[in-house]
Amino acid sequence: MLADQLGRPIKDLRISVTDRCNFRCPYCMPAEIFGEGYQFLDKKELLTFEEIRRLAAIFAGLGVNKFRITGGEPLLRTDLDQLIALLADIPSPSAGELDITLTTNGYLLAQQARKLHQGGLKRVTVSLDSIDDDVFKKMNGRGFGTERVLWGIERASEVGLGPVKINAVVQKGVNEHTIVDLARYFKGTGHIVRYIEYMDVGNLNGWKWDEVVTADEIVDRIDREMPLEALEPNYVGEVANRYRYRDGEGEIGVIASVTKPFCGNCTRARLSTDGKVFTCLFASEGISLRDPMRDGADDLEMEELISSIWRQRTDRYSEERTDLAPVQNRQAKVEMFRIGG
Ligand code: SAM
Ligand code: SF4
Ligand code: SF4
């Protein structure tokens, strides 16, 4: 079995299908940097759907059984349902089916949900940092209200992409006062809100430790109003810690990437829009798979390249960050919109 230097297998592939986005969340793509003049990738630099399908099949052959489509905003990529259909056709490495999911800001979801489901998408994660319109408008950097995103969540659920996971990044002084309202809004609906500790991804968001609201604090705040109890993980390596409401009205998750890093179980690789593989969310450099592929490498050569990259992997950035706190210990990191969450 393929394993990295710390014995971790490769199980998940996050595929970024565009570096563009219709939002400008200040913690990811601050508007002052990603303005009119910003140079996004040229079309010819992007992996085509056929190239993504080919690489994904090679990854599946090495043990990957879960694909997550991300970005940028993945729903901006034209005909995304056709890519889903190509991926859905790949044979799974294990007995079960391949899992194909998507993370989106939800703005264009209502229109596309049915086609995506028909293409073979199984579930969807929608990012929604606050249920308070004013807070949300600030956090998406574009002044969009919550209405269209909520509509997207409802449509996704109606067409069979539920239960929907709702990702909320929590930033101190920005949306921490709306944590409980968000939980209350979705309690009893079957959708699962997952709170994410604000992370030091990339180099552009000016991250500081004191802007992090810890997962423990998030759970405490909700528990005080709506009592919770911890649940077992669904599987080894699940990133969210799960809690259920004691009254049986559903569950929430917290992703403690900063205060309780989970590098020991990290089985994720990331493929950027221009075809570079990154073995960690916080890596500085990716290795191009697109270039050798376009230079004519065959599947076996590509498989050898990917295996050798994974075999050499030693990444455990979040654990190192904790060990070295509060020093920010690496200079250039890839930006999250290039490789997705
Ligand atoms: N545009 C899509 C979206 O927002 O869902 C997909 C890409 S986005 C980079 C993936 C996830 O990363 C989102 O849930 C987003 O909230 C999260 N994210 C981005 N920057 C983050 C940060 N600095 N800390 C924690 N999560 C972050
Ligand atoms: Fe766009 Fe998602 Fe980044 Fe927000 S978090 S700017 S929606 S890619
Ligand atoms: Fe995985 Fe890197 Fe995140 Fe650790 S810091 S969990 S190795 S992506």
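My entries follow, grouped by topic.

**Ground rules**

I am working from a predicted model, where local features need pLDDT of at least 70, side-chain atom pairs count only at pLDDT 80 or more, and totals for chains, interfaces and linings use all residues. Residues are numbered from 1 along each chain as its sequence is written, chains are lettered from A and ligands numbered from 1 in the order in which they are written, and side-chain values use heavy atoms, with hydrogens and water left out.

**Cysteines and disulfides**

I looked for disulfides first, meaning a pair of cysteine sulfur atoms within 2.5 Å. The search of the whole structure came back with zero. Cys25 is buried at 15%, and Cys280 is buried at 11%.

**Ligand 2**

Which residues surround ligand 2? I counted a residue as near if one of its heavy atoms lies within 4 Å. The list reads Cys21, Phe23, Cys25, Cys28, Met29, Gly72 and Asn105. For classes, I took Ala, Val, Leu, Ile, Met, Phe, Trp, Tyr, Cys and Pro as nonpolar, Asp, Glu, Lys and Arg as charged, and the others, Gly among them, as polar. That gives this shell five nonpolar, two polar and no charged residues.

**Salt bridges**

My rule here is a side-chain nitrogen of Lys or Arg within 4 Å of a carboxyl oxygen of Asp or Glu. How many salt bridges does that give? The count is 22.

Asp299 and Arg54 meet at 2.7 Å, N to O. Asp299 sits in helix 9 (residues 299-311) and Arg54 in helix 1 (residues 49-61), 245 residues apart. Asp299 is partly exposed at 41%, and Arg54 is partly exposed at 25%.

Next I followed Arg184. It forms a salt bridge with Asp181 at 3.5 Å. I have Asp181 as partly exposed at 37%, and Arg184 as partly exposed at 40%.

I also logged a network of salt bridges that links Asp4, Arg8, Arg313 and Asp315.

Is strand 2 (residues 66-70) mostly covered or mostly open? It is mostly covered, with five of its five residues buried. Lys66, Arg68 and Thr70 point one way, while Phe67 and Ile69 point the other way.

I count strands as paired if DSSP finds at least two bridges between them. Strand 1 (residues 12-16) runs parallel to strand 2, joined by five bridges. Arg14 stands opposite Arg68 there. The chain goes from strand 1 through helix 1 to strand 2 in a right-handed β-α-β crossover (with the strands pointing away from the viewer, the path from the first strand over the helix to the second runs clockwise). On to strand 3 (residues 99-104): it is also parallel to strand 2, with four bridges. Its Asp99 is the bridge partner of Lys66.

**Loops**

Gly106 lies in the loop between strand 3 and helix 3 (109-119), and I found it buried at 0%.

I flagged a cis peptide bond from Gly162 to Pro163, with omega near -5 degrees. Pro163 is in the loop between helix 5 (147-159) and strand 5 (165-170).

Asp79 has a positive phi, near 55 degrees, in a residue other than glycine. It lies in the loop between strand 2 and helix 2 (80-88) and is partly exposed at 36%.

Technical notes:
Buried means under 20% relative accessible area, exposed over 50%, partly exposed in between (1.4 Å probe, protein chains only). Helices (H or I, at least four residues) and strands (E, at least two) are DSSP runs, numbered from the N terminus.
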